[in-house]
Each structure stands twice: as structure tokens, then as C-alpha cells.
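I've got one model to walk through, so let me put it up on the screen.

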Amino acid sequence: MTEAGSFFVDAVLVIPALSAALLAVLPDDRLTARLNVLAALLTFLAATVLFFERPAPGHYLIVDDLNVVFIVLSTFVGFTTSVFSGSYIAHELETGRLTPVYLRFYHAMYQTLMFGMNLALLSNNVGLMWVAIELATLTTVLMVGIYRTPAALEAAWKYFLLGSVGIALALFGTILVYLAAHSVVGEGLDAMAWNVLVRRAPEFDPALLNLAFLFLLLGYGTKVGLVPLHAWLPDAHAEGPTPISAVLSGLLLNVALFAVLRFKSVMAANPGAFAPGPLMVSLGLLSVVFASFMLYRRHDIKRMFGYSSIEHMGIVTFAFGMGGPLANFAGLLHMTLHSLTKSAIFYCVGHIAQVKGTQHMPDIRGLTVSHPALGWGLVFGVAAIAGLPPMGLFMTEFLIVTTTFARHPLLAIVLGLALLVAFGALLLRLNGLAFGDPRGGRAPARASFVPVVAHFALVLVAGIWLPPALTAWFQHVAGLLR
Amino acid sequence: MDPLALDVAHLLAGGLVLVSFMLLYQDRMTGLVNNFALHALVVSLSVAWQAHIQHAPHLYITAAIALIVKAIVIPLALHRIILQLGIHRTIETVVGIGQTMLAGIGLVALSIMVMLPITARAGTLTQQDLAFALSVLLLGLLMMISRRNAVSQVIGFMSIENGLILAATGAKGMPLVVEISVAFSILIALIVIGVFLFRIRERFDTVDIHALHEYRGEQP
Amino acid sequence: MAIALQLLVQIGQMALVLALAPLFAGYVRKVKAHLLRRQGPPLAQPYRELLRLLRKDVVLADSASWVFRVAPYLIFAATWVAVSLVPTFAAGLIFSYAADVIAIVALLGSARFMLALAGLDVGTSFGGIGSSREMLIASLAEPAMLMLVFTLSLLAGSTQLSSIAASMQASDVGLKFSIALALLGLIMVALAENARIPVDNPATHLELTMVHEAMILEYSGRHLALIEAAAFLKLLLYVSVIACVFFPWGIALSGQGPAAYFAGIGVYVLKLAAGGFVLAVFETAIAKMRVFRVPDFLGAALMLGFLATLLLFVTMAG
């Protein structure tokens, strides 16, 4: 708990906010892209310091074991996505899909999104977290609609409506939590602080907590993309610019799930409240089963990976619903690795869509022949996301299935089958995309492959050898979650 | 608490539920917007009264924001949008108005049954406010589900926000953060509504979402 | 002796309402005419209409059955009894134990039933249309009315109108929102039941707007006089119920002397004047609704009734 810690925490928030303001006014597009990358890099470096130096928990901000991993992950993926975004956007400008005015808007919104997500992760106040998540949602809504085609507008509208309904439900749940807390803790900011809530949770009224959690799970669960509240997700992924798809899948879903986890830990601390587990397990399982079947009939590449995100968020929700140290550990690790893998996949897909000129999968063939780097990157990514060993996601999925089998064999069987179904769908599509005679555009991709390689390297390493420090860290957090 | 104060609070909060029903009853676009202005007016009066009896002066700001932004500015803007887009027409509903209102009564009864026992430990004022706030929230959701028109969905969403304002003021002592967030969401919602309504018009010449569904997202 | 006096007062009430009903209808017409900058018919015109009709011959259709001939008497009788039971200037009269709101609604329901049958009896299409529309309105208005009155009964603890009036007079009821809702709902139901604007236009005989007029199109002579009188009485009944329940001040409670009765009559006449004026202004100010919106209108009244009851539960639980 140090002074330096609070400086860096503020830095993690101030840098994106300032750069958003700056990027909104600068005209030159090369400069803004580089500035975007620089801001994201600085934010990431500030966040890594938080591993070592932490500030004392204040009324508004807190850095504890649960969120420090997520903040570093979030800023890291934000950074690599900004690198990808630089080359992607340059191409969009050339083809005329985006005008310079919208480019400024895009960059400003990107940094605002980073600000919102960081604030949501770092906030110690339930209401402030809500505000931050709403800010993040609204910026992504604006960005999903940025191409202004009819399909993009419908996707953005659907996202806006569903997201807003979810946010409203979440606010009601937040108010109920405050109500439960303030009769015990007293009025004011203390009744909204995470550290106070978790500590005093056993004294809260269980009935209020139950109702609150129901609203919170439904509300924030909409943002996570749990079935049946998922309708916005595939469209938003398909129609928005690819960096936004990467950030949505890789980060925003995680932030929403993080919010649910915070509340789950408050609920779990109160013995009278009903166990949140079964509800989360059913929603998670429903999402996995639904999404894995939906993967089969997709013809749009980004939409397909959107459904894949629903599936993986379902797996994580299932794991956290199961509870217990192993499942929690697997869930946390899965969240992290999924972020890295999915965003890397979207980096590849973005460039693929650009060079082929289409997102329609039957029109994209033979990538390994026409664009070897992109093709093999996609192969690697799909193998990772489908859960092939030795990738990290295989390990986490294996852990989840085995711990579930030990407790509820039937659920484990259903989960396993769904995972196999998804596996099959993804490999089937991959076969068509990557191999065979090339179809579609042949222009070389002017892209930086550094982000893709970095992410995949991390995922591969995690699968083979997870550093002991990191393992200990995840286990510690898993213990906190019960 | 002084019985008259409680009665007035009950009057205003119950009035909000009544105006939510009136929103469900409307079948013309301009009538809907005017009714929403009334909704916002009632919520700002309710918040102002809460500020008075809870001795919480910062709630006056919330009431003023609700009054100015939601009862005056947004309805005026929506009227202008309706005129400019040329969409004064009747609003189609998914099921009949009578059935919608019957479902609404069911939702009000449900929210009262759920909220009253749970909040029994908090004061009478909080109990009433939260029960009515949940009713308004559910009625707003019902409105969003049962209307085929983008403008009415937006108004339904804003009535949900009003219900949340009522809930937040009912939970005594909730810090300023909530006021900021509510004001914030109003602002952004206005921007987004404005942007989308104009852009939708450009592309579609209508704000009927059934036309939008031509481009349905569930395509492969 | 005391019982004879009370019986006298009760009979006085019956005579009073019968005498006042046509006057009230004439008064409303006069006010409407003045609002439209016309002179309008004289106040006593409804009496002249009834007398004229009584003197005329009855013209019966060939296909009319005994139902057609008997219906007007039954309708008149049921409505007159119902109005007599409503506490107009005095509560707690000798027959007031029977003045249960449910009984009144039932009496009005039987009158409506006979009227609908009479409309169907002759076999004309207009009669059929009128009867079916009347039944549509009734199927929504009756539950609404009952729901609204239940709200008040919950507050007063009884369904007897006298008790309700007495408890509303005792001012520990306070400013209850449910009462306002009940008043609004009751006004909506009254408008629908009496075929007033916005539900039906009492002044026209156009096919599109006819509900009540369509059912009695075939009537003539003394039958028509009885039915017209019943319609006047029904309007008076609704206004009296609203006045007695929501504005109960001035009603003489049981045990007070004759002076209170006369004061009560005076106050009652004033209330009628005010109510008639408001009705006239309202009818002049708004337009008639399209027929297929009438179910929505009445559905709204029913919802108001439900809402009033629910809100009452909230305050009672709190």
C-alpha cells in the first residue's frame, strides 16, 4: 500500500481519458494511430506496476488480488489491439469505408472504452462500476454502428436496446445491494464499497441479496452474452470494425463477468442467501449448448466467432457456478486465455476480411496458400479456441469437465458433448477456410503480425508451462471466490 | 414519519405507476411523447418531495435534471424528430392494448408481492418507493416488448430510467454517484437516440422496426 | 310512529328521485346548449316529453312477443328501486340495509338484460346491433364498477352505501391516491353506462353511434315513456352514487332530525347542479371515441380499479 501505487492507479485511468480528448481533435491519421498505440502501451506499463505497488483502498478505487490480473490483461490486450487497429484502420481509410472525421471519432471512442473498462475493473464503489460499464457499453454501441450500413445500424440498435435493458436491471440490483448494506453499515459511500460489502456480507438480509443477485445476473449477464440474453452479440461482432470485435470478445465480456463475480463473492459470504451456483451453472450450460450448435450454420466469419465467444463465456460462467478451488481456478485461467486467443483470432480475421474483401465464408478459401502467415495464424487460433492440446484452453476445459464429473456427472457429460460439437464445427469451417484452392482476393496483407504472435505465444506457453507464481496467484484468487 | 408526508409520497409514486399505464394505453405517437413528458414531470415532483422529507438537498438537483432534461428537452426534441421524419402515425402493438394493460396489472401485482415483504425492515417510505419503482421498471419493459416502433421502445427505456431514479431516491442516503450516473445516461441516451433516429431515417424512411427486421441479424 | 315516519322519508326519497331525474336531464341539455351559444329547450321539456308519450298509443310490431311488452315495466321498476336505495340526502334510511352496492349493480344488470332482450325481440338488425354493443360495454363496465366499489369497500369495511358514505365523511381517511383513482374510474364507467360522450352520443340517431337508441328504436307510447324515464333515473343514479361516496358532506346521518333532512335535500340539489354542469362541460369539450376504442376505454377503467385496490394494499401493508 504505497503512494506510488495510487499514482499508478490514477495513471491507468488518466492516460486513456486524456488521450481520448487529444485524439478527438488531432487531424492526422498516422499520428493518431501511433498516439493510440502509445497511450495503450503507457497504460499497460502503468498497470503492470500495480502487481508490485498497490494503493490503499479508497472510497472509489481499489486494487486487490481479484482485479489486478484483469487490469493487466485488459491493458495488455488493449495495447495489442491498438497495434492491430493501426494497420486495420489504414486499410479502411484507403478503401474509403471510413472517413477521417469518423477516424477521429473512432480513436477517441477507443480510448474512452479503455478508460471505462479500467475504471470498472478498478472501482471500489458499486455505483461507479455501473457507470463505467455503461460508459463502455455506450462507446461500443457507437462504434458498432460506425460503418452506417443498414445491417450495422440494426446491430447497433439491437445492442443499444438490449444493453440498456441489461444496464437498467443491473442498476436495480445495485440499489437493492445498497439497501441491504446500508441498514448494517450505515448510509453513504461505505455501503457501496466492495471491501466493506464482502466483509460485512454475513449480516445482510438474505432475501434482499437474493433478489438483488437475480437482477444483477440478468443485467450484467446480458453484457456477458449469456443465452437467452445474447441476441445482440453475434450481430455486434459481425458488423462492427474488427478491432471492436476483438475488444468486445476479449475484454468487455470479461469485465461484465468480473462484475458478476464480485457480486457472487458478496453473496457467497452470506450463509442465508441462496447459492448463486445453480443459476450460473444453468445459464452457462445453456449458453454452451446453444452456441455450439449455432456454430454449424454460420456463413459470416465474424459472426461465427461471436458465437464462439458466447460458448466460452458460458463455459466460464459454468465453472464459476460450480465453485470450489479447482473450478474457480480453471475459470479464471480460461477467462484470461480466451481473451488472448479470441482477440488474436480476430486480428487474423480482420486482415483476412480485408484482403479477401468479404466476410462470407464460402467465398474465402485456401488461406494457407494465398496468405500463409494469416492462414497458419488462423489455423493456430482455431485450434487453440477449439481446445486442442497443448494449448492452454485445453487444460482449462479439461479441468472444468473433470471437476464437474466428480460432482455432477450428468452435467459434465452434457458439457463435454457440447464442447465436442463446437470442436467439430470449428474444425469443419477451418478446413474450408484455410485449405484447398484459394478463392477471393490475392493482395498481400500489410499487417503487423506482432500482436498475433505475442498472444499465441502466451497461450502456447500457458498450455505447456504455467509459471508457478502465476499459478499460485490464480489459486489464491480462486480461494477468495469460494 | 408524518402521515401527510407519506401520503403525498404515496400519491406521487402511485401517480408514476398510473402514468406508466397511460403510456401503455397510448396509440398515437404525439400522445406518447406528451405522456412521457408527464411521466418525467411526476418523477421529478416525486424526487423533489423525497428531497424535502428526507432532508437530502442534493436530491433537488436530481429532480431539476429530470424536469429539465426529460420533461422538457427530450420531448421537444422528439416532437421535432417526429415532424421532421414525418412519422406521426398510430403505433402498432404486438397484442391488443387491453391485453397489454392486463399483463401490466399482473406485473404490478407481482412487483408489489415481491418487494413488500423483502423491504419490510426498511421504512414504509422505502417499501413503497421500491415496490412502485419495480412496477414502473416492469411496465417499461412491457412497453418495450409490446410495441413495434423504435420511438416507443426508446420511450419505454426512458420510463425504465425514471423508475430507477425513483428507486435510487427511495434507498435513503445513496451517494451522489447515482445522480451523476443518471444524468450521464440521460445525456448519452439523447445523443444516441438523435444519431440513430436520423441515421435510421436515412436508410429506411421509417422507424418501424419490422422494416428493420428485413435485414435480420440471424442470417447465416 | 317512528317507523311510519321513517317509511315516509323513504317514500319521500323515492318520489324525490323520480321527480328530479327528468329535471336533471333537462338541466344538462340546457347547459350544453348555452355552452354552444344556443337557448336550448326549456328545463321542463323532459317532463313534457314523458307526458306526451304517456298519452300516445302504443304501436307494436307483429313479431313482438310478451317480452317486448313487459320489458319497459321491469326496466323502470328495477332502475327506480336501485335509485331509491342510494343515499341522496340521508343515509341510514329504513331500506338502507338493502342498499348494498352489489345489489344495486345487480338491479341495473337485470334492467340492462331486459333492455337487450327487448332490442333483440322484434328481430330488426338495428336492435341486434344495439343489444350486442350494449352487452360488450356491459361485459367490461360491470367488472370495472365492481372493482372500483370494492376499493371503497375495503376502505370503509362494508359494501353498504350508507356505511361507505358515513365512513368517508369521517375524515380520518386522509389523502388517499386510491380514492382519486376510484373516482376517475367510476366517472369513466358512468359515462359508458349512460351512453354519454365519449362512448355514445345521446343526441343523435345515427347508426354508427347508436347503442341505447338502437335498442329502443321500436318502442312508442307509454312503453317509450317508461324507458326514457328509466334512462333519466339511471343517469341520476350514477351522479348520486358519485356524490354520495366521494363528496359525502351534507348527507344526513341516521338519527338526525328533519331539519338535517331538508338541509340534506338542499345540499343534494346543489351537488346535482354541480355534477350536471361538469358533465355538460365535459361532453362539450371532448369528441366521441371510435367504437372499437370503447373496450380499451373500459379496460382502462377496469385497470384503474385494479390499480386502486393494489395501491390500497400497499398503504395498508406499510
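So, what pLDDT does chain A average? It averages 86, and 99% of the residues score at least 70. For anyone new to it, pLDDT is the predictor's confidence in each residue, from 0 to 100. Within chain A, helix 19 (residues 468–481) of chain A has the lowest confidence, at a mean of 82, while helix 12 (residues 301–322) of chain A has the highest, at 92. Helices here are DSSP runs of H or I with at least four residues, strands are runs of E with at least two, and both are numbered from the N terminus.

Quick bookkeeping. This is a predicted model, so local features need pLDDT of at least 70 and side-chain atom pairs count only at pLDDT 80 or more, while totals for chains, interfaces and linings use all residues. Residues are numbered from 1 along each chain as its sequence is written, and chains are lettered from A and ligands numbered from 1 in the order in which they are written.

Let's do the chains against each other. I'll call two residues in contact if their C-beta atoms, placed from the backbone, lie within 7 Å. Two pairs of chains are in contact, and chains A and B share the most contacts. Chain A and chain C don't touch; their nearest C-alpha atoms are 17 Å apart.

Now chain B with chain C. Here 22 residues of chain B are in contact with 19 residues of chain C. On the chain B side, helix 1 (3–25), helix 4 (97–118) and helix 5 (124–146) of chain B each give two or more residues. Helix 1 of chain B has the largest share, with ten residues. By class, that side has 14 nonpolar, seven polar and one charged. The classes go like this: Ala, Val, Leu, Ile, Met, Phe, Trp, Tyr, Cys and Pro are nonpolar, Asp, Glu, Lys and Arg are charged, and the others, Gly among them, are polar.

Leaving out residues up to four places away in sequence, C:Phe177 touches B:His10, B:Leu11, B:Gly14, B:Gly15 and C:Leu311. Buried or exposed? C:Phe177 counts as buried because it has 23 C-beta neighbours inside 10 Å. The rule is 20 or more other C-beta atoms within 10 Å for buried, 12 or fewer for exposed, and partly exposed in between, again with C-beta atoms placed from the backbone.

Staying with chain B on its own: there are eight helices and zero strands. Buried residues make up 49% of its 220 residues. Of the contacts in chain B with a separation of 6 or more, 72% are between residues 24 or more positions apart.

One helix pair in there deserves a look. Helix 2 (residues 29–54) and helix 6 (residues 150–170) of chain B pack at about 10°, with axes 10 Å apart. Axes are lines fitted to C-alpha atoms, for helices over the stretch in contact, and angles run from 0 to 180 degrees between N-to-C directions. So helix 2 and helix 6 of chain B are roughly parallel to each other, a label that covers angles under 35 degrees. Their contact includes B:Phe36 and B:His39 from helix 2 of chain B, and B:Met158 and B:Asn162 from helix 6 of chain B. It has eleven nonpolar, seven polar and no charged residues.

Most residues other than glycine have a negative phi, and most peptide bonds are trans. A cis peptide bond joins A:Val227 and A:Pro228, with omega about 5°, and A:Pro228 lies in the loop between helix 8 (206–224) and helix 9 (232–239) of chain A. Another cis bond joins C:Ile197 and C:Pro198, with omega about 10°. C:Pro198 is in the loop between helix 7 and helix 8 (212–215) of chain C. That loop also holds C:Ala195, which has a positive phi of about 55° although it is not a glycine. C:Ala195 counts as buried because it has 21 C-beta neighbours inside 10 Å.

And then C:Arg37, with phi near 65°, in the loop between helix 1 (2–35) and helix 2 (45–55) of chain C. C:Arg37 is exposed because it has 6 other C-beta atoms within 10 Å.

Definitions and conventions. Parallel < 35°, antiparallel > 145°, perpendicular 65-115°, else oblique.
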